[in-house]
Amino acid sequence: MRCFSHVCTFVSRLTHPDCFLLMSSVSFNHNVVTVELQSSGDPICSKKSDCPGTSSEQAGKSASCQGCPNQQLCASGATKAPDPAIAEIGEKLSVVKHKILVLSGKGGVGKSTFSAHLAHALASDSTKEVALLDVDICGPSIPRIMGLEGEQVHQSGSGWSPVYVDDNLAVMSIGFLLSSPDDAVIWRGPKKNGMIKQFLRDVDWGELDYLVIDTPPGTSDEHLSIVQYLGSTNVDGAVIITTPQEVSLQDVRKEIRFCQKVKLPIIGVVENMSGFVCPKCKNTSQIFAPTTGGAEKMCADLNLPLLGKVPLDPRIGRSCDEGKSFLNEVPDSPAAEVYRRIVQSVRDYCSNRATDVQNAT
Amino acid sequence: MEQKNDGSLAQVRHVVLVLSGKGGVGKSTITTELALALRHSGKKVGILDVDLCGPSIPRMLSVGRPEVHQCDSGWVPVYTDAQKSLALMSIGFLMEDPDEAVVWRGPKKTALIGQFVSDVAWGELDVLLVDTPPGTSDEHLAVLENLKKHKVDGAVLVTTPQAVSTGDVRREITFCKKTGVRILGIVENMSGFVCPHCSECSNIFSKGGGEELAKLTGSVFLGSVPLDPLLSASLEEGKDFIETFPDSATFSAISRISQTLVQSLESD
């Protein structure tokens, strides 16, 4: 199946950054590869920032649309129809019991580390089926953290097969579609959105208890798309990751605003890199000092649950670099203890929510 | 006619991008500290902060939320000092509510960055540092498209030592090669933490990854900056670290990096 990733690479080179082509089918017949392409239904206003938006009432009609190459398309009303993929994804993920997003406005605070360990911990119960989806298109770290670097995605009759870490833990990331660790994914928004759509709709997830979704930093295309595409699937909520400093909290507050705007429930906040215990003298140093009260104060102010504070431990980073689970490597460390408590809170939240939903119907 | 094409960047001698594939590795920290170090050595410096979803520089330089004024030649940057030797323009200045999320898709970001890059009245500058968000996407392409009309000297890449971080920076190097941006060098940030109680050095995020990456890719290694609680505390309070702790090892690391950078810029 080596060729499949070659086809992906080839198609990604074919396209202009502003135009996205979806592969609707790939078939192999002796030495002939047939690829059917379909252009994404997400046209872009290339004109300027006062674009009314392709789905607005004014699309194609406002003064600023004059001269935009997509004016006619917008004016035709085709862009206002909901994307049929949303319903398809709803159908596909109807056998996934819980969907959890891991978000942060700030980069490098430990979203992928947390997502990976949440997935590991949930999958430690062998009766649960767990999957981890990485929608960080430009900086996919999950393959390395899960110890799956160099793995490739396979095509099966029912879609793309994810890569399995264990029998009950599946992983999908754009990293599995790249042919070398140097490959850069220099894509503009619409193309990233198309990829996310494919991850949700075309991956053969099967029946799952938990789908954990790791996101890139910020509040942009990837976030809007994932929320939009999951719109009909009843997402359980988001775990927000931060570090203690104000420089990080100021971005995280924006992410919380984003969740409120798109009506995404917040499961709670995790403060990562919270204090460092010197392995030699056992004294604690606040490397990233909570000068404005850290996540604790932010949660109190915004009335959000604080799920826990994970201390800085060099062994966490090392486990990630080596692609191992820190929870298995050093199970008796204080950080692992906090991790397990947080994961239990997430589990409790999901099962309470499931009961609430049942009672409501 | 040429004057008109160059626009607001006509009197800017060097343009340096600060890039990293990975978030939270200290792009804004390194940008701020490099700008302060360059100012200390007598340069006129500008910072352009194009991180739309998480602009951090205004806080790090303690400029608060000033109103941005317009003059005939464009937006007037905010000066952090009376001598006007450090100018800052951040997308954060254009937001009304600091907690408000900028929930924009790519094309809108591209359009705003286009205006933003070409409409700031920088005046005369020795170095303009451009702080970017993580990744290789809309913002980066937009900044490059707009700056290339003028010129870009190159990029400083920031990484932390772990493989998870250098892995993303390798992709950023490919981005630079594909887009024809010269790599001025790699900085390793958060390299080792010296316990203030017992002076034991812990490599919290591993060690040496930046230097290895530089070797692997044939790039210049500019230096490593230790993980220093005093540095993150002074950034939180928007203080000039270089003035407050001139004797620290972190300070000497930063000033060495800035000197190497200046040499590399002036050697062309």
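Student: Is B:G24 buried, partly exposed or exposed?
Tutor: B:G24 is partly exposed, since its relative accessible area is 24%. Buried means under 20% relative accessible area, exposed over 50% and partly exposed in between, with a 1.4 Å probe and protein chains only. This is a predicted model in which local features need pLDDT of at least 70 and side-chain atom pairs count only at pLDDT 80 or more, while totals for chains, interfaces and linings use all residues. Residues are numbered from 1 along each chain as its sequence is written, chains are lettered from A and ligands numbered from 1 in the order in which they are written, and side-chain values use heavy atoms, with hydrogens and water left out.

Student: Where is B:G24, and what does it touch?
Tutor: B:G24 is in the loop between strand 1 (12–19) and helix 2 (27–40) of chain B. Helices (H or I, at least four residues) and strands (E, at least two) are DSSP runs, numbered from the N terminus. Not counting residues up to four places away in sequence, B:G24 touches A:G107, A:G108 and B:M190. Contact here means heavy atoms within 4.5 Å.

Student: And B:G26, buried or exposed?
Tutor: B:G26 is buried, with a relative accessible area of 10%. B:G26 also belongs to the loop between strand 1 and helix 2 of chain B. Beyond four places in sequence, B:G26 touches B:V158 and B:N189.

Student: Which feature does UniProt place at B:G24 and B:G26?
Tutor: The unreviewed UniProt entry places a "binding site" at B:G21, B:K22, B:G23, B:G24, B:V25, B:G26, B:K27 and B:S28. UniProt positions are given in the numbering used here, feature names are shortened, and annotations may be inferred rather than shown by experiment.

Student: Which residues of chain A carry the feature "binding site"?
Tutor: According to the unreviewed UniProt entry, the "binding site" of chain A covers A:G105, A:K106, A:G107, A:G108, A:V109, A:G110, A:K111 and A:S112. A:G105 lies in the loop between strand 3 (96–103) and helix 4 (111–123) of chain A, and A:K111 is in helix 4.

Student: Are those two buried or exposed?
Tutor: A:G105 is buried, with a relative accessible area of 8%. A:K111 counts as buried because its relative accessibility is 5%. Leaving aside neighbours within four places in sequence, the contacts of A:G105 are A:P217, A:G218, A:D251, A:V252 and A:E255.

Student: What reaches the backbone oxygen of A:K111?
Tutor: The side chain of A:S115 reaches that oxygen at 2.7 Å. A:S115 is in helix 4 of chain A and counts as buried, at 0% relative accessibility.

Student: Changing topic, how many disulfides are there?
Tutor: The count is 0 disulfides over all chains, a disulfide being a pair of cysteine sulfur atoms within 2.5 Å. B:C195 is in no disulfide, and the nearest cysteine sulfur, that of A:C281, is 3.6 Å away. B:C198 is likewise in no disulfide, with the sulfur of A:C281 as the nearest at 3.5 Å. B:C195 counts as buried at 1% relative accessibility, whereas B:C198 is partly exposed at 23%.

Student: And how many salt bridges?
Tutor: The structure holds 29 salt bridges over all chains, each a side-chain nitrogen of Lys or Arg within 4 Å of a carboxyl oxygen of Asp or Glu. One of them joins A:K261 and B:E100, at 2.9 Å from N to O. This pair crosses between chains, from helix 8 (residues 246–261) of chain A to the loop between strand 6 (86–90) and helix 4 (106–118) of chain B.

Student: What about B:D240 and B:R39?
Tutor: Their side chains meet in a salt bridge of 3.3 Å, N to O. B:D240 is in the loop between helix 8 (229–236) and helix 9 (241–244) of chain B, and B:R39 is in helix 2, 201 residues apart. Both B:D240 and B:R39 are buried.

Student: Finally, what scores does the model have?
Tutor: The model scores ipTM 0.89 and pTM 0.85. Chain B has a mean pLDDT of 90, and 97% of its residues reach 70 or more; pLDDT is the predictor's confidence in each residue, from 0 to 100. Over residues 1–6 of chain B, pLDDT stays under 50.

Conventions
A polar contact is a pair of N or O atoms within 3.5 Å; within protein, one must be able to donate a hydrogen and the other to accept it, and residues adjacent in sequence count only if both atoms are side-chain atoms.
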